[in-house]
Amino acid sequence: MRHLKLSILIFTMAAFVIGCKNQKNEKVDLAVNDPAKIYVKGTIEAELTAPPFVPAPVGDRVAKKLLVNMEILEKEGTMADGVQYVYWTFGGSVPGSFIRTRIGDEVEFTLSNHPDNKLPHNIDLHAVTGPGGGATSSFVAPGHKKTFSFKTLNPGLYVYHCATAPVGMHIANGMYGLILVEPQGGLPKVDKEYYIMQGDFYTKGENGERGLQAFDMRKAIDEDADYVVFNGKVGALTGDNAITANVGETVRLYVGNGGPNLTSSFHVIGEIFDNVHVEGGDLINTNVQTTSIPAGGAAIVDFKVDVPGTFILVDHAIFRAFNKGALGMLKVKGKENKQLYSGIKQEGIYNPEGATIQTMPDDKKIKTPKKQNKTLAQKISDGKQVYTKTCFACHQANGEGIANAFPPLANSDYLNADVKRAISIVLNGKTGEITVNGKKYNSVMTRQTLTDEEVADVMTYIYNSWNNKKTNVSISTVQLVKNGH
Ligand code: HEC
Ligand SMILES: [Cu+2]
């Protein structure tokens with residue numbers, strides 16, 4: 001009996017000791033897992049970059065005190081060709097400077113408001129755990145600066161933005177950017193990294209209206225955007241500004257959406273995202289075509305580029321891409337891989353009713369001009385319809401084109417210099433560098449499948465619009481060009 005009691009006692013004590021030991025171990029683990037307890041060693045100044053670039057990866061550096069010095073600048077910039085806008089910026093760019101940290105860093109953030117600025121501002125960083133994400137501590141008048149600090153507790157890609165009333169207006173004027181908090185040990189290595197952020201803009205004038213454009217509060221409230229763009233302006237990522245990679249490389253894009261209103265359906269034409277950090281968090285989805293990025297949200301996408309070419313970045317709410325500016329380019333150089341992508345293998349006539357039909361033509365089916373002698377006014381009006389159906393998407397409603405992507409047809413020196421060359425472009429397509437009104441374009445216009453009459457009409461419409469030289473293009477001229485004259 002006594003023995004039994006003793007053994008029970010010993011057993012209980014042993015259990016207690018083991019229990020204590022477990023508890024202790026758990027505490028040790030907790031300390032490692034709890035980012036709030038990560039020890040910082042040393043102080044460094046943060047590298048800040050303007051888009052589309054990002055600072056060097058954090059890699060395996062230990063947590064540190066990280067000094068971030070950000071200056072707010074209100075300054076005039078270019079929204080689109082001939083369209084100016086006064087942007088409010090973090091660090092002088094839209095989106096603002098990219099901030100790269102690691103989990104456990106103690107960020108000491110100094111926000112300076114340049115003395116030439118007109119308004120007070122502040123910053124709300126979604127990576128901050130604390131009141132207003134820092135906004136309450138960072139409200140700063142022109143000619144002043146404020147410092148506050150925070151510890152990064154959650155890995156991920158976060159938006160920051162101004163949160164000074166009227167908040168929507170400060171965001172609509174470009175006051176947003178991204179801050180990355182890398183996990184312990186850093187993100188997996190890739191070959192190229194870029195910073196892209198979408199935003200919607202609201203101007204007094206319609207899209208393309210020239211001159212300095214003021215912000216339009218009514219349109220902003222109605223969510224009726226004039227411009228939807230990557231990196232603050234039309235053409236920030238096209239032509240010479242395109243991001244680049246080489247065949248075989250892995251590319252990671254840090255993509256944010258400043259809004260203020262619109263959700264982005266982010267897509268790269270001709271690519272599939274191998275990995276997407278959904279909403280910028282830990283969840284990784286694979287093999288994704290289009291990822292949804294909410295206003296005030298972000299995503300990290302990566303993919304390997306396997307074949308050369310120009311890959312178009314868009315908001316796949318597609319009118320925004322072709323009519324409002326949400327279009328960028330990734331140019332990939334390197335060797336072709338015909339096994340992965342062949343290009344055109346063969347081109348031929350498709351005759352669903354069999355080749356014999358061709359030798360016994362049905363009169364009604366031959367596309368002969370309906371009216372040989374249309375008036376100029378009739379041609380222009382028919383040509384306008386062709387234009388709206390086929391050319392408008394790229395060359396835009398008033399022939400103004402899109403900076404660095406699609407050349408203008410309005411008042412185009414290239415167009416007016418050589419009618420036959422212009423006709424040939426519509427008949428055969430065009431690729432390679434051309435200069436239109438002093439600006440270089442190096443892109444691809446696909447060949448248009450139009451009848452001779454439609455080509456004559458659309459060219460006549462273009463030549464008789466937008467200050468061009470008023471040529472009346474006849475069907476016989478189109479046929480001459482077609483036959484190589
Ligand atoms: C898919 C977009 C797209 C469409 C649709 C398109 N174009 Fe183009 N166009 C281009 C691009 C890109 C170029 C410049 C090609 C280059 O860089 O070599 C161009 C160049 C031209 C040029 C010569 C340059 C200039 O500005 O004068 C003319 C003329 C032209 N296009 C007419 C037309 C007409 C007419 C239509 C409709 C029937 C049309 N295009 C449809 C993209 C397009
Ligand atoms: Cu502000």
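Trainee: What share of the contacts with a separation of 6 or more comes from residues 24 or more positions apart?
Mentor: In this predicted model, such residues account for 70% of those contacts in the protein.

Trainee: How many helices and strands are there?
Mentor: The protein has eleven helices and 24 strands. Of its 485 residues, 39% count as buried.

Trainee: Let us turn to the ligand. Which residues come nearest to ligand 1?
Mentor: Cys 391, Cys 394, Pro 407, Leu 415 and Met 445 come nearest, out of 29 residues around ligand 1.

Trainee: Which elements give two or more residues to that shell?
Mentor: They are the helices α7 (376-395), α8 (413-417), α9 (419-428) and α10 (452-463), together with the strands β23 (430-436) and β24 (439-445).

Trainee: And what classes of residue make up the shell around ligand 1?
Mentor: There are 19 nonpolar residues, nine polar ones and one charged one.

Trainee: You mentioned α10. Is α10 mostly covered or mostly exposed?
Mentor: Helix α10 is mostly covered, with twelve of its twelve residues buried. Among them are the charged residues Asp 452, Glu 453, Glu 454 and Asp 457.

Trainee: How far does α10 reach from its first C-alpha to its last?
Mentor: It reaches 16 Å, close to the 16 Å expected at 1.5 Å a residue.

Trainee: What about α9: at what angle does it cross α11?
Mentor: The axes of α9 and α11 (residues 475-482) cross at roughly 70° and come within 9 Å. Angles of 65 to 115 degrees count as roughly perpendicular, so α9 is roughly perpendicular to α11.

Trainee: Which residues meet there?
Mentor: From α9, Lys 420, Ile 423, Ser 424 and Leu 427 meet Thr 477, Val 478, Val 481 and Lys 482 of α11. By class, this contact has four nonpolar, two polar and two charged residues.

Trainee: A change of topic: where are the cis peptide bonds you have noted?
Mentor: One joins Pro 51 and Pro 52, with omega about 5°, and Pro 52 lies in the loop between β2 (48-49) and β3 (65-80). Another runs from Gly 259 to Pro 260, with omega near 15°. Pro 260 is in the loop between β15 (250-259) and β16 (264-269). Most peptide bonds are trans.

Trainee: What is the phi of Asn 437?
Mentor: Asn 437 has a positive phi of about 50°, although it is not a glycine. Its place is the loop between β23 and β24.

Trainee: Why does Asn 437 count as partly exposed?
Mentor: Asn 437 counts as partly exposed because it has 14 C-beta neighbours inside 10 Å. A buried residue would need 20 or more, and an exposed one 12 or fewer.

How values were computed: Residues numbered from 1 in each chain as written. Chains lettered and ligands numbered in written order. Predicted model: local features only at pLDDT ≥ 70, side-chain atom pairs only at ≥ 80, totals over all residues. Near = placed C-beta within 6 Å. Helix = DSSP H or I, 4+ residues; strand = E, 2+ residues; numbered from the N terminus. Axes fitted to C-alpha atoms, helices over the stretch in contact; angles between N-to-C directions. Parallel < 35°, antiparallel > 145°, perpendicular 65-115°, else oblique. Contact = placed C-beta atoms within 7 Å. Expected span 1.5 Å × (residues − 1).
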